[in-house]
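Here are my notes on the model, as numbered points. Please read them with the coordinates open.

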Amino acid sequence: MTDYELQEDFLNKVAEMYTSFTADSVADMLSEDFHYSSFRVFEEIESRDAYLNYITHKLEAMKKSGVKFNYIMMYKQGDGKPVLMFTPKTPEGSYGAFFVENNKSGQITRMDLLPAAFYSLGYKDKAAFEEFEKKAL
């Protein structure tokens with residue numbers, strides 16, 4: 001499996017995590033020194049355990065409040081790196097997007113949540129993208 005295939009698999013599991021409200025699908029893929037950074041979180045999280053604690057509480061709160069997101073896999077123009085984009089839009093008018101990195105052992109070492117507008121992204125399936133955009137309205 002290539003790095004990009006591994007990253008896409010993980011990002012699909014991230015979408016599953018946010019729709020099932022459990023981190024079980026991603027926990028085993030994270031390295032011990034996993035880092036998470038988000039433009040919505042003040043400090044970078046610097047370990048697997050700290051992230052799992054953070055995300056478990058966040059998922060519980062999302063489930064209680066009925067928050068639901070829609071997801072679509074996008075790809076950076078030029079190199080094809082997978083990026084998981086989601087609704088709703090940020091207050092600034094951009095979708096959020098998850099970017100990941102992995103080590104040679106196939107574990108995910110880093111995930112960043114950034115506005116998708118920072119990158120030039122493309123899709124593989126136009127109809128799926130149009131459906132995603134309809135849900136964003």
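Where is the place of K76? K76 sits in strand β2. More on K76 follows below.

1. Ground rules. This is a predicted model, in which local features need pLDDT of at least 70, side-chain atom pairs count only at pLDDT 80 or more, and totals for chains, interfaces and linings use all residues. Residues are numbered from 1 along each chain as its sequence is written, and side-chain values use heavy atoms, with hydrogens and water left out.

2. Overall make-up. The protein has 4 helices and 6 strands. Helices (H or I, at least four residues) and strands (E, at least two) are DSSP runs, numbered from the N terminus. Along the sequence the pattern reads α-α-β-α-β-β-β-β-β-α. The radius of gyration is 14 Å, close to the 14 Å from the globule rule for 137 residues, so the protein is as compact as a globular protein of that length. That radius is taken over C-alpha atoms, and the globule rule is 2.2 Å times the number of residues to the power 0.38. The C-alpha trace spans about 35 × 35 × 25 Å along its principal axes.

3. Of the 137 residues, 44% count as buried. Buried means under 20% relative accessible area, exposed over 50%, and partly exposed in between (1.4 Å probe, protein chains only). The accessible surface comes to about 7800 Å², and 49% of it belongs to carbon and sulfur atoms. Those areas come from the Shrake-Rupley method with a 1.4 Å probe; for residues, only the protein chains shown count as cover. Among contacts with a separation of 6 or more, 51% come from residues 24 or more positions apart. Contact means heavy atoms within 4.5 Å.

4. Sheet order. The 6 strands form an open sheet, ordered β1-β5-β4-β3-β2-β6, with mixed pairing. β1 and β6 stand at the edges with a single partner strand each, so one side of each has no neighbour in the sheet. Two strands pair if DSSP finds at least two bridges between them. β2 (residues 71-76) and β6 pair in the antiparallel sense over 2 bridges.

5. Strand β4. Of the 7 residues of β4 (residues 96-102), 6 are buried, so the strand is largely enclosed by the rest of the structure. On one side, 3 bridges join β4 to β3 (residues 82-86), and the two run antiparallel. There, L84 stands opposite F98. β4 is also joined to β5 (residues 108-115) by 7 bridges, again antiparallel. E101 faces R110 across that pair. The β4-β5 hairpin has 5 residues between the strands, and G106 takes a positive phi near 90° there.

6. Helix α3. How far does α3 reach from its first C-alpha to its last? The helix (residues 48-65) has 18 residues and reaches 26 Å, close to the 26 Å expected at 1.5 Å a residue. The expected span is 1.5 Å times one less than the number of residues. Its buried residues are R48, Y51, L52, I55, L59 and M62. They cover an arc of only 95° around the axis, which puts them on the same side of α3. The arc is that of the directions from the helix axis to the C-beta atoms. Their cover includes α1 (3-20), α2 (24-27), β1 (30-38) and β5. The face turned away from the buried side carries the exposed residues K64 and S65. Just after α3, G66 takes a positive phi of about 75°.

7. K76. At 23% relative accessibility, K76 counts as partly exposed. K76 stands opposite L121 in β6. Leaving aside neighbours within four places in sequence, K76 is in contact with K81, V83, F99, Y119, S120 and L121.

8. T109. Is T109 buried or exposed? T109 is buried, with a relative accessible area of 19%. T109 is found in β5. Outside four places in sequence, its contacts include S31, D33, F34 and H35, as well as E101, N102 and N103.

9. A116. A116 lies in the loop between β5 and β6 (121-122). At 5% relative accessibility, A116 is buried. Not counting residues up to four places away in sequence, A116 touches M85, S94, Y95, G96, A97 and L121. A116 and M85 are 31 residues apart along the chain, and their C-alpha atoms are separated by 6.9 Å.
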